[in-house]
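Here is a short tour for you. Please have a look at the sequence and the model below, and then read on.

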Amino acid sequence: MSDLLERLDGWRDEQIEFLARLVNHDSGTDDVVDVNRVGAILAERLERLGFTLRRVVNERFGDHLVGDKPGSGPKRFLFVGHYDTVFPSGTVKQRPFRVDEQGRAWGPGVYDMKGGLAAVLYAMRAHREVRTRTWDETNVSVVFNSDEERLSPSSREVIEAEARRAHSVGILEPARPNGEYVMARKGAGTFYLEVKGKASHAGVQPELGASAIWDLAQKVTALHALTDFETGTTVNVGTVRGGERPNVVADRAFAEIDLRAWTPAAADEAIATMRTICEPAHVTGTSARFWGQVHFPPWPPGLPGTERLLEIMAEAGRELGVEVRAIKTGGGSDGNTTSAIAPTIDGLGPRGSRAHSDEEYVDIATLLERTKMIALFLDRWARDFEIPAR
Ligand SMILES: [Zn+2]
């Protein structure tokens with residue numbers, strides 16, 4: 001395996017430059033032209049690695065890239081990574097890629113998750129150029145999707161279909177701040193509450209009004225009271241809007257609600273309770289509508305498939321002197337979707353912190369380290385993973 005590692009060492013600077021190139025193209029989810037420009041860079045790399053490429057076009061977002069590299073053996077591994085970011089067009093101009101004296105790399109999407117994309121592409125390149133047996137024998141699929149930061153509405157089916165063909169899945173989301181892999185994620189849903197009331201002059205005829213804000217306020221209080229840190233079910237009203245001016249009884253109010261839960265049953269129970277809070281009128285004369293859904297199903301802790309992949313990763317880590325740890329998190333990813341279909345390990349990307357903020361960074365030395373981990377992991381997986389009877 002020293003061949004693989006030597007190759008990767010030799011590409012260290014080049015790989016950082018490649019990451020810089022990915023980061024220095026904006027790809028905010030809603031900016032389809034930008035997103036497809038980054039897609040083109042990735043597509044070119046995949047084709048050079050010998051992948052047959054399919055572009056899945058959709059109406060609202062950039063293309064999803066589905067790649068297939070055949071092998072002579074029976075096993076198939078799937079890598080999933082998204083190349084959209086939460087940052088709109090123009091962000092790169094304000095804060096392009098840079099590496100500071102502490103070895104931290106900055107720039108929009110550097111951590112979530114262009115680092116993971118740069119890592120997997122070089123890990124596979126090393127296998128290809130060293131001509132490993134793993135590369136000859138293993139079928140490798142990739143899905144690079146463009147809408148994850150909107151909870152993957154148009155790529156979900158594509159990911160599910162590829163996961164069904166695969167024996168294991170690696171998600172290229174970044175490592176946690178202490179380098180942990182991810183072994184479980186809460187289910188996540190977004191819900192909406194709209195209250196209609198009756199406008200009236202707040203001074204002259206307040207009794208003729210029905211305040212949508214007052215009604216909404218009582219519901220917000222009850223919704224937040226559903227949060228239970230013990231069970232992990234959390235409800236967060238993340239936005240509220242309503243009313244026009246202080247001297248008018250508000251005839252409209254609106255809230256967006258985030259729900260997280262560890263099990264489908266807990267999510268269902270919370271949704272039912274949310275409905276009983278939201279639908280009845282707390283203020284006479286108002287009416288309310290409540291809707292929404294769970295976008296990422298729960299990925300519960302302790303799945304045997306995930307445990308097995310962590311063992312394999314730990315073996316890869318032993319070769320590099322890297323201790324492998326994994327954690328559970330409340331944040332959703334496409335791993336929520338794949339873990340219900342095939343053994344999944346998440347958090348393969350480099351270490352860093354502050355995703356979705358302008359303080360997002362990657363510890364740049366871990367780009368190479370995680371790339372090596374992916375390369376060694378794939379090798380171990382190809383050798384040791386036993387295809388379970390399904
Ligand atoms: Zn991400």
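Strands β4 and β5 (residues 104–106) run antiparallel and are joined by 2 bridges; strands here are DSSP runs of E with at least two residues, helices are runs of H or I with at least four residues, and both are numbered from the N terminus. This is a predicted model, in which local features need pLDDT of at least 70 and side-chain atom pairs count only at pLDDT 80 or more, while totals for chains, interfaces and linings use all residues. Residues are numbered from 1 along each chain as its sequence is written, and side-chain values use heavy atoms, with hydrogens and water left out.

**The open sheet**
- Val99 has Ala105 of β5 as its bridge partner.
- The sheet is open and has 4 strands in the order β4-β5-β16-β15, with antiparallel pairing; two strands pair if DSSP finds at least two bridges between them.
- At the edges lie β4 (98–99) and β15 (352–353), each of which pairs on one side only.

- Asp112 in helix α5 (residues 110–130) and Glu173 in the loop between β7 (168–171) and β8 (181–185) link distant parts of the chain, 61 residues apart.
- Asp112 and Glu173 are both buried, where buried means under 20% relative accessible area, exposed over 50% and partly exposed in between (1.4 Å probe, protein chains only).

**Two helices**
- The buried residues of α9 include Ala267, Ile271 and Met274.
- Seen down the axis of α9, its buried residues fall within an arc of 120°, so they line one face of the helix; the arc is that of the directions from the helix axis to the C-beta atoms.
- Turned away from that buried side are the exposed residues Ala265, Asp268, Glu269 and Thr276.
- In α12, 16 of the 20 residues are buried, so this helix is largely enclosed by the rest of the structure.
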